[in-house]
Amino acid sequence: MERKERPFDVIGQLAALRRYARSLVRNSDDAEDLVHDALVRAFEKKQSFRHGRNLRTWLLSILHNAHIDRVRQSRSLTRRHDEAAAEADQSLPAGQEHAVRLQQVRGAFFRLPEEQREALHLVAIEDLSYQEAAAALGIPLGTLMSRISRARAQLREFEEKTPRSSHLRLIEGGGNEHS
């Protein structure tokens with residue numbers, strides 16, 4: 001007996017769902033809970049998934065909607081942002097400029113307004129097309145493009161304002177000068 005349809009393989013999408021959830025909630029535990037909630041919803045609505053559609057986009061859309069529901073139900077979003085910022089400040093390894101720089105860029109990304117951050121994450125990190133990302137977020141394509149443009153502009157502004165330090169230092173008076 002041969003199966004005609006492909007399996008409903010959400011396991012292959014877990015990494016993308018976890019990355020997107022982490023980008024949305026900024027906390028590993030909350031991200032795992034969000035992914036779990038989204039997967040429960042996906043399995044409950046499995047029959048509504050139209051074969052031939054992109055499973056990844058469908059799951060990311062469910063994850064996004066689960067997040068929106070959580071935000072509406074919870075008044076503690078500000079508290080979670082503060083906790084994530086405090087955790088990030090404590091995790092900076094000393095003396096490693098590239099790690100510090102990466103942490104600065106990460107911080108700038110997380111300071112973006114949520115709608116810009118989620119749009120940029122789906123396109124830049126999850127590698128969704130603009131059309132797929134707009135569908136996942138349930139917004140018009142033009143709105144998505146505008147959010148991405150504003151997010152990129154803010155990150156460029158951050159790049160221009162942040163001084164870069166060189167790992168090379170000029171040391172004077174090494175004792176090798178001739179009078």
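1. **Surface.** The accessible surface of the protein comes to about 12000 Å², and 51% of that belongs to carbon and sulfur atoms. Areas come from the Shrake-Rupley method with a 1.4 Å probe; for residues, only the protein chains shown count as cover.

2. **Ground rules.** This is a predicted model: local features need pLDDT of at least 70, side-chain atom pairs count only at pLDDT 80 or more, and totals for chains, interfaces and linings use all residues. Residues are numbered from 1 along each chain as its sequence is written, and side-chain values use heavy atoms, with hydrogens and water left out.

3. **Overall make-up.** The protein has eight helices and zero strands. Helices (H or I, at least four residues) and strands (E, at least two) are DSSP runs, numbered from the N terminus. Of the 179 residues, 36% are buried. Buried means under 20% relative accessible area, exposed over 50%, and partly exposed in between (1.4 Å probe, protein chains only).

4. **Contacts.** Take the contacts between residues at least 6 apart in sequence: 68% of them join residues at least 24 apart. Contact means heavy atoms within 4.5 Å.

5. **The core.** The largest nonpolar core has 38 residues, and Trp58, Leu63, Leu122 and Leu144 touch the most other members. Helices H1, H2, H3, H5, H6, H7 and H8 each give two or more residues to this core. The largest share, seven residues, comes from H3. Such a core is a set of buried Ala, Val, Leu, Ile, Met, Phe, Trp, Tyr and Cys residues joined through side-chain atoms within 4.5 Å.

6. **Leucine 122.** Leave aside its neighbours within four places in sequence. Leucine 122 is then in contact with Tyr20, Leu60, Asp127, Leu128, Ala133, Ala136 and Leu137.

7. **Helix H8.** Its buried residues are Leu144, Arg147, Ile148, Ala151 and Phe158. Seen down the axis, they fall within an arc of 95 degrees, so they line one face of H8. The arc is that of the directions from the helix axis to the C-beta atoms. The cover over these buried residues includes H5, H6 and H7. The face turned away from the buried side carries the exposed residues Glu160 and Lys161.

8. **An aromatic pair.** The whole structure holds two aromatic pairs. In one, phenylalanine 49 and tryptophan 58 have ring centres 5.0 Å apart and planes at 55 degrees, so the pair is tilted. Rings of Phe, Tyr and Trp (its six-membered ring) pair if their centres lie within 6.5 Å; planes under 30 degrees apart count as stacked, over 60 as edge-to-face and the rest as tilted. Phenylalanine 49 is buried at 9% relative accessible area, and tryptophan 58 is buried at 7%.
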